[in-house]
Amino acid sequence: MHALIDLRQLAPPEPIERILHWLDTAEPGQIGLFHLPHVPYPLYEHLHMRPCHWECDKQADGSAILQLVRDQ
């Protein structure tokens, strides 16, 4: 089980910056779980340029859970 990192209280663009920093320093195969205040559409452009894949589930309250996996 992976720890859920709650980024909902941070002001933009800090959640995206933290996720990208995590991804840039993660080992291949490492999984990050992030709770965000909303679906992070602006983040997707950055993720497409990096070795990773992800799933994002919108929650009933409008927040989102992002599961991010660092690829090779």
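This is a predicted model: local features need pLDDT of at least 70, side-chain atom pairs count only at pLDDT 80 or more; totals for chains, interfaces and linings use all residues.
View 1. A disulfide is a covalent bond between the sulfur atoms of two cysteines. The cut-off for calling one is 2.5 Å between sulfurs. By this rule the protein has zero disulfides.

View 2. The cut-off for buried is under 20%.

**View 3. Proline 51 sits in the loop between helix 2 and strand 3.** Helix 2 covers 41-48, and strand 3 covers 52-58. At 31% relative accessibility, proline 51 counts as partly exposed. Which residues does proline 51 touch, leaving aside its neighbours within four places in sequence? The contacts are Leu23, Val69, Arg70, Asp71 and Gln72. For proline 51 and glutamine 72, the C-alpha atoms are 6.4 Å apart in space. In sequence, 21 residues separate this pair.

**View 4. A cis peptide bond joins proline 12 and proline 13.** Omega is about 5° at this bond. Most peptide bonds are trans. Proline 13 belongs to the loop between strand 1 and helix 1. Strand 1 spans 4-6, and helix 1 spans 14-25.

**View 5. The whole chain runs β-α-β-α-β-β from the N terminus.** The protein has two helices and four strands. Its C-alpha trace spans about 35 × 25 × 15 Å along the principal axes. The radius of gyration is 11 Å. This agrees with a compact globule of 72 residues, which would have a value near 11 Å. Take the contacts between residues at least 6 apart in sequence: 60% of them join residues at least 24 apart.

**View 6. Surface, burial and charge are shown for the protein.** Buried residues make up 35% of the 72 residues. The accessible surface comes to about 4,700 Å². Carbon and sulfur atoms account for 53% of that surface. The protein has 5 positive and 10 negative charges. How far apart are the mean positions of the positive and negative charges? They are 3 Å apart.

Terms used. Residues are numbered from 1 along each chain as its sequence is written. Side-chain values use heavy atoms; hydrogens and water are left out. The radius of gyration is taken over C-alpha atoms; the globule rule is 2.2 Å times the number of residues to the power 0.38. Buried means under 20% relative accessible area, exposed over 50%, partly exposed in between (1.4 Å probe, protein chains only). Contact means heavy atoms within 4.5 Å. Accessible areas come from the Shrake-Rupley method with a 1.4 Å probe; for residues, only the protein chains shown count as cover. Lys and Arg count as positive and Asp and Glu as negative; His and the chain ends are not counted. The place of a charge is taken as NZ of Lys, CZ of Arg, CG of Asp or CD of Glu.
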